[in-house]
Amino acid sequence: MKVRFYSVVLSLALIGTSVSVHATSKEDLLKEQQEVESRLKETERSQNQTSEKLILTKQQRKEARAQLDEVNSRLDDLARKIADQQAAVVASKERLRLTEEAISETLKELHQQEDLLGSRLRAVQQKGDVTYIEVLLDAKDFGDLISRFSTVSEIMKQDDDVLQTYKANVIQLNEQRSDQALLLESLKREQRKLLVLQTQIISESELKRKLVVQLNTKVKALQQEQFSKAEEAEILADQRQLIQNELATLKEAERKAKEEAKRRAIEAARQAEAKRVAEAKRQAEAARAAAAKQQEADAEKTKPPVPEVEVPSETPDTPADVDSNRPFHLPVQGYVSSPFGPRNNPLTGKPEIHKGIDLVNAKGTPIHAAAGGIVLRAGSATGYGNVVMVTHLIDDQVYTTVYAHLESIDVKAGQTVMPGQTVGTLGSTGWSTGPHLHFELHKGEWAAGQPNAVDPAPYIF
C-alpha cells in the first residue's frame, strides 16, 4: 500500500511533480475544511446554549439561596421567640412555685387561726351566749358593767374579723393560684405552637437546601459541559487552522510547480531553438562542402538527423521505512487490557462502547507515532489527560490517531512527525485506573463522541 502524508505531498510538489497529482488532496482538504467549519459552528451553537442554561441555572440557584437565607432568618427569629417563651415558662413556673409556698405558709397560719377560732366557737356552741351574760351579771356596779360589755363586744368583733379575714385570704390565694396556673398553661400552649411552626419551617428549609444542592450539581454539570464544548471547539479550531495551513502550502506548491513548468517549457524552447540553429548551420556547412567537392557531393549522402532521447521523468520513491502491507505501526509494546467495543466502564461500572484499545506497559515507556503526519493537538483534555492527536493522509484518506493518558509529551501542535517518532511516554493521567496507553484510530477527523472511531487492531497487528 502506498503511504503519503502531508509532508511527502509537499516534497513531491517541490521536486517537480505535476499539479494534477495534488488535485485530489486539495479537493479532499477543501471538503474536510467545510465539514470542520460546519462542526465548529454546531459546537459554538451548542456552547452558547450551554452558556445560556448555565446563566439561567445560576440565577435560579441565586434565588434559591436567597429563599433559603430568608427561611433560615425566620428560623433564627423563631428560635429567639422560642427561647424567650421558654424563659417566660420557667419564670411562670417559678412564680407558681413561690405562690404555692406562700399558700402553704398562709394555710399554716390559717390552720392555727382556725384551731383558735374553732375552740372559741366550740365553747360558744356548748355554752351559747350564757358565758357572756354571766360575765355581764357578775358586774359589781354600773361602771363595771359598761366596762365588761365593751370588752365582750370587742371580743365578739375580733372573732368575727378573724373569720372574715380567713375567708378573704382563702379566696385570694385560690384566685392567685388559678391565675398562675392559667398563665402557665397559656405559655405552654404558645410554646407548643412555636415548636410546631419551627418544625414546619425546618421542613421548608430542608426543601430549599435540597433545591440549592440540586442546582449546585446542575451548575457543576453545565460548567463541565461548557468546558468540554470549549475543548471540542479548540480542537476543531486547531483542525481548521491545520487544514488552512496545508491549503496555503499546497497553493504555494502549485505556484512553484507552475513556475517550474514554465521554466522548463522556456528551457525546452531554448534548447529546441539552439538545436534548430545548430542544424541549420550544419546544413549550410554541408552545402558549402558539397559545392566545393562536387565529386564527393554526388556520392555522399545526407546524414540522417540525430533522434531525440527522451529523459524519463523523475518519480519520488516511497519512504523505505513504510510497510506496504500495513498503514500503521504498533505505538508501544504491551498486552491489550481492553479491546475496542462494548465493555463496562472501569471507573463507573456502567456499560459503554470503548472507542479505542488499551495497551499496558510500564510508566515512562516511549510512545511512538503509528504513522507519519502532523500533530493536531498536544496537551491536556478532559478524560484523556495528557494527549497527543496526529492527523495523517494515507491514499487520499484522512486519519487521526489519539495517544491518551501520557505521562509526558515530546511534540508540539503543528509539528510534522515521522513513523515511529517518539511523541510522549506512557502514563496514567486523566480518567485512568493504571499505567496504559489508550490508542484511538479515527477514519477522518476527530469529533466529539468519536463517531469516526474504528477498531485499530486490524491496522496495527
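**Exercise 1. Decide whether Phe-328 is buried or exposed in this predicted model.**

Step 1: Recall the cut-offs: buried means under 20% relative accessible area, exposed over 50%, and partly exposed in between, with a 1.4 Å probe and protein chains only.
Step 2: Phe-328 has a relative accessible area of 1%, so Phe-328 is buried.

Before going on, a word on the model: residues are numbered from 1 along each chain as its sequence is written, and side-chain values use heavy atoms, leaving out hydrogens and water. Because the model is predicted, local features need pLDDT of at least 70 and side-chain atom pairs count only at pLDDT 80 or more, while totals for chains, interfaces and linings use all residues.

**Exercise 2. Find which rings join Phe-328 in a cluster.**

Step 1: Rings of Phe, Tyr and Trp (its six-membered ring) pair if their centres lie within 6.5 Å; planes under 30 degrees apart count as stacked, over 60 as edge-to-face and the rest as tilted.
Step 2: The structure holds four aromatic pairs. One of them joins Phe-328 and Tyr-459, edge-to-face, at 6.1 Å centre to centre with 70° between the planes.
Step 3: Phe-328 sits in the loop between helix H5 (294–299) and strand E1 (335–338), and Tyr-459 in helix H6 (residues 457–460), 131 residues apart. Helices (H or I, at least four residues) and strands (E, at least two) are DSSP runs, numbered from the N terminus.
Step 4: Tyr-459 has a relative accessible area of 19%, so Tyr-459 is buried too.
Step 5: The ring centres of Tyr-399 and Tyr-459 are 6.3 Å apart and their planes lie at 65°, so this pair is edge-to-face. Tyr-399 lies in strand E8 (residues 397–409) and Tyr-459 in helix H6, so the pair ties together parts 60 residues apart in sequence.

**Exercise 3. Describe the surroundings of His-392.**

Step 1: Locate the residue: His-392 is in strand E7 (residues 385–394).
Step 2: His-392 has 0% relative accessibility, so His-392 counts as buried.
Step 3: List contacts (heavy atoms within 4.5 Å). Leaving aside residues up to four places away in sequence, His-392 touches several residues, among them Phe-328, Tyr-399 and Thr-401.
Step 4: Look for a polar contact, a pair of N or O atoms within 3.5 Å; within protein, one must be able to donate a hydrogen and the other to accept it, and residues adjacent in sequence count only if both atoms are side-chain atoms. The side chains of His-392 and Thr-401 make one, at 2.8 Å.
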